[in-house]
Amino acid sequence: MSLAEHITAALQLPTTVVNMYLDDLTDAELLVRPAENMNHIAWQLGHLIQSEHMHVSEVAPDAMPALPKGFAERHTRETAASDEPGDFLSKAEYLQLMHEQRDASSKLLATLSDEQLSQPAPEKVNYLGPTVGCIFAGEATHWMMHAGQWAVIRRQLGKAPLF
């Protein structure tokens, strides 16, 4: 199995978990916080989508579809405190953007050889790891870390555990 195939397999779990955790949540429930001063799902989704876009764009500047105008500005540390529904997108919009970005990441990943994935990561994103492959693999960890908080929100809302 190539490095790209291993990373692609690793990305499948967080994609599945995110889809399952969000499936029965409403737009309003995306604004529930797991604890005081923690970020709600709507903001986290925007953060994750924007982060994946930025990380992969550092590897291949023209590989990712553009995000909506003002998207990154709607999901900054400063906007994380907002509980106003109008400040965020709908679940359907977030899911569409998530899948567009992940599809583009996966499409690019499939074109990269083991040698290319073993090259040094761009300096701006090397906090995810020392190689280009680590940038892609880091997305799996990043999405799962946030999805873990969503399990708490689901329980607060009286949803049955999924795993």
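I began with G138, which counts as buried because its relative accessibility is 10%. Buried means under 20% relative accessible area, exposed means over 50%, and partly exposed lies in between (1.4 Å probe, protein chains only). G138 sits in helix α5, residues 132-156. Helices here are DSSP runs of H or I with at least four residues, numbered from the N terminus.

I noted the ground rules. The model is predicted, local features need pLDDT of at least 70, side-chain atom pairs count only at pLDDT 80 or more, and totals for chains, interfaces and linings use all residues. Residues are numbered from 1 along each chain as its sequence is written, and side-chain values use heavy atoms, with hydrogens and water left out.

**Helix α1**

I tested the length of α1. Its 21 residues should span 30 Å at 1.5 Å a residue, and the end C-alpha atoms are 31 Å apart, which agrees. The expected span is 1.5 Å times one less than the number of residues.

Which residues of α1 are buried? I listed A4, I7, L11, P14, T15, V17, V18, Y21 and L22. They cover an arc of only 160° around the axis, so they lie on the same side of α1. The arc is taken from the directions from the helix axis to the C-beta atoms. The face turned away from that side carries exposed Q12 and D23. The buried residues of α1 pack against α2, α3, α4 (114-117) and α5. Contact means heavy atoms within 4.5 Å.

**Cores**

I then looked at the largest nonpolar core, which has 25 residues. Such a core is a set of buried Ala, Val, Leu, Ile, Met, Phe, Trp, Tyr and Cys residues joined through side-chain atoms within 4.5 Å. Among the members touching the most others are L22, L45 and W150. The elements giving two or more residues are α1 (3-23), α2 (41-59), α3 (91-111) and α5. α2 gives the most, with six residues. I followed L45: it touches L22, L30, Y94, W143 and W150, not counting residues up to four places away in sequence. A second, separate core of 14 residues includes I7, V56, A104 and F136.
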